[in-house]
Amino acid sequence: MPREHYLGPGPWLIKKDGRGLLHKLDERLRGEYRLTDDADPRRIYRDVHVAIDATRGLNNGRPGRLAHWLDLLDLRAGECVLHVGCGVGYYTAIMAEVTGHGGQIVGFEIDAELAERARRNLAHLGHVEVLHADGGVQDVGKCDAVFVNAGSTRVCPVWLDGLRPGGRMILPLTTNDGRGALLKVTFDGRAYAARFVSSARVFHCAGSRDSESARRLRDALRRADPAAVRSLRRDAHLEDATCWFHLQGCCLSTLPAGHEV
């Protein structure tokens, strides 16, 4: 997959790895990015963040990390996938390659300029659609997998509603400093198993954040071990000792999936 097709021509801004910056880099970006020496595409075929909009800290993420995240989705040929926060479309295209022409990929991008850029980048893939919309509220029907590629403070109901039996979802839950943990949810048609699979630090998911859930998530991460989470509950219940991160209608629980009390 030609990364330079999605990122545009170089030189590129690479998130700093300790080797210093060129003198011509904007002063606002010092300490964060370095400019590649030239426009040789080999510069971005490394496990590096490449800036999409450096002034906002918005990057095309490290392939090593994103490959691991996508692998957790267990994508198969012919599946339908929802990609929330598709950016310039690079990882959308990778998922389209995995699912094949018999599959369908729907990418959401809340930033109008990025959505149009992703549409252009993905125009050669007939089984990919990019929508300029808030992926945390837009219902596009049933799908086999949901990949949220930005930090949310909560699990949005529309993502859970859209999962078919056997469906999987990966999303980073992050506090206001952008740090948090990567959650995997699987739906067997009746109950939702859930577990945290790694730490996460990622750009905010605009539209899928609020101050109260951010506060409660921060407190949960400070108070309890994320490894204790085993399920996601949607039933109405009072908060108790089994609730790791309790929100109305969506609770990360230490109970096994399907063992609500």
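How many of the nine residues of strand S10 (residues 179-187) are buried? I began with this strand and found that S10 is mostly covered, with seven of its nine residues buried, where buried stands for under 20% relative accessible area, exposed for over 50% and partly exposed for what lies in between (1.4 Å probe, protein chains only). Helices (H or I, at least four residues) and strands (E, at least two) are DSSP runs, numbered from the N terminus.

**Basis of the entries.** I note that this is a predicted model, in which local features need pLDDT of at least 70 and side-chain atom pairs count only at pLDDT 80 or more, while totals for chains, interfaces and linings use all residues. Residues are numbered from 1 along each chain as its sequence is written, and side-chain values use heavy atoms, with hydrogens and water left out.

**Whole chain.** I looked up the overall make-up and found six helices and 14 strands in the protein chain. The radius of gyration is 19 Å, close to the 18 Å that the globule rule gives for 261 residues, so the chain is as compact as a globular protein of that length; the radius is taken over C-alpha atoms, and the rule is 2.2 Å times the number of residues to the power 0.38. Along the principal axes, the C-alpha atoms fill a box of roughly 60 × 40 × 25 Å. Of the 261 residues, 51% are buried. Among contacts (heavy atoms within 4.5 Å) with a separation of 6 or more, 54% come from residues 24 or more positions apart.

**The sheet.** I traced an open sheet of 10 strands, in the order S7-S6-S5-S8-S9-S10-S11-S12-S14-S13, with mixed pairing; two strands pair if DSSP finds at least two bridges between them. Strand S7 (128-131) and strand S13 (243-247) stand at the edges with a single partner strand each, so one side of each is left without a neighbour in the sheet. On average, and with direction ignored, neighbouring strands of this sheet are turned by 20 degrees against each other.

**Around S10.** I then followed S10 to its partners. Strand S9 (residues 163-174) runs antiparallel to S10 and is joined to S10 by seven bridges, with Met169 standing opposite Val185. These two strands form a hairpin with four residues between them, and Gly178 in the turn has a positive phi of about 85 degrees. On the pairing with strand S11 (residues 192-201), I counted nine bridges in the antiparallel sense, and Leu182 has Ser198 as its bridge partner in S11. S10 and S11 also form a hairpin with four residues between them, where Gly189 in the turn has a positive phi of about 100 degrees.

**S5, S8 and helix H3.** Strand S5 (residues 80-84) and strand S8 (residues 143-148) run parallel and are joined by four bridges, and Val81 stands opposite Ala145 in S8. Helix H3 (residues 90-99) packs on the sheet, where it touches S5, strand S6 (104-108), S7 and S8, and its direction makes about 170 degrees with that of S5; axes are lines fitted to C-alpha atoms, for helices over the stretch in contact, and angles run from 0 to 180 degrees between N-to-C directions. H3 is mostly covered, with seven of its 10 residues buried, including Thr92, Ala93, Met95 and Ala96. Gly100 follows H3 and has a positive phi, near 80 degrees.

**Aromatic rings.** What does a search of the whole structure find in the way of aromatic pairs? I found four, where rings of Phe, Tyr and Trp (its six-membered ring) pair if their centres lie within 6.5 Å, and planes under 30 degrees apart count as stacked, over 60 as edge-to-face and the rest as tilted. Tyr90 and Tyr91 form an edge-to-face pair, at 4.9 Å centre to centre and 70 degrees between the planes, and both are buried. Phe187 and Tyr192 form a stacked pair, at 4.4 Å and 20 degrees, and both of these are buried too. Ring pairs link Tyr6, Tyr90 and Tyr91 into a cluster.

**Ala51.** My last entry concerns Ala51, which lies in strand S3 (residues 50-53) and counts as buried at 17% relative accessibility. Leaving aside neighbours within four places in sequence, Ala51 is in contact with Leu13, Tyr33, Leu58 and Asn59. The C-alpha atoms of Ala51 and Leu7, 44 residues apart along the chain, are separated by 8.5 Å.
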